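Please walk through a helix packing and the charged pairs of this chain.

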Amino acid sequence: MERTNFNMYLFKAVEAYPYELEKAVEALHYALTYDPENAIALFYMGRVYSEQLGDYETAKAYFAEALAADMGNPQIYPYFLYTLLLNEDYKEARKLLDYALTIKATDKALMYMYEGFLNEAQGRYKKAIKAMKVGQERTFNEGLDEYLGRQIKRIEKKLPKKTKKNKNEPKKKNALQKGILRRLNLL
């Protein structure tokens, strides 16, 4: 009977989230009362705290508990990664991302997208573009493919512009060369 009650509350929470937050949170609390280590209930609580309340530290704790309960659950990783990125926890995000890529059934295209976002946040634009391109190669979703294409174009705008050198323009001297030329009174 307890398992039936748990499932009932869990289904109510999933159905209500995110449009009826009060019902969703109430149902999640009841579900966690029946099974405090249920990965799905913990996962949804993490989503509530991350997406609705902006409390990333609490969300991280719920996501970590959800993973501890079921590390093979592929739906947890993208949301946990996004929360880590928003909270600027880049080292944790890198570790989680590396592990998530080893989990069977994780959406690899999404994982590479988040790797791109992680690299972009750290100013590594070429690596970000490379990761997004790998994500494009791995996706089965036309919408995601187009989204990644737009992200690549957006990140490319952040790359430093290459300046063309005029062949007729004399080469600029470095500081050491200029110092020597000054000593010889040639400058």
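The text below takes up a helix pair and then the salt bridges.

The model is predicted: local features need pLDDT of at least 70, side-chain atom pairs count only at pLDDT 80 or more, and totals for chains, interfaces and linings use all residues. Residues are numbered from 1 along each chain as its sequence is written, and side-chain values use heavy atoms, with hydrogens and water left out.

Helices are DSSP runs of H or I with at least four residues, numbered from the N terminus. The axes of helix 7 (residues 108-121) and helix 8 (residues 125-138) come within 7 Å and cross at roughly 170°; axes are lines fitted to C-alpha atoms over the stretch in contact, and angles run from 0 to 180 degrees between N-to-C directions. The two helices are therefore roughly antiparallel, a label for angles over 145 degrees. Contact means heavy atoms within 4.5 Å; among the residues that meet are Tyr112, Met113 and Phe117 in helix 7 and Ala128, Ala131 and Met132 in helix 8.

A salt bridge is a side-chain nitrogen of Lys or Arg within 4 Å of a carboxyl oxygen of Asp or Glu, and the count comes to nine. Asp89 pairs with Lys60, the closest N and O atoms being 2.7 Å apart. Asp89 lies in the loop between helix 5 (76-86) and helix 6 (90-100), Lys60 in helix 4 (residues 56-69), 29 residues apart. Both Asp89 and Lys60 are buried, meaning under 20% relative accessible area with a 1.4 Å probe, protein chains only; over 50% is exposed, and in between is partly exposed.

Arg94 forms a salt bridge with Asp98 at 3.6 Å and another with Glu115 at 3.4 Å, N to O. Glu115 is in helix 7 and Arg94 in helix 6, 21 residues apart. Arg94 is partly exposed at 23%, whereas Glu115 is buried at 16%.

Key
Angles under 35 degrees count as roughly parallel, over 145 as roughly antiparallel, 65 to 115 as roughly perpendicular and the rest as oblique.
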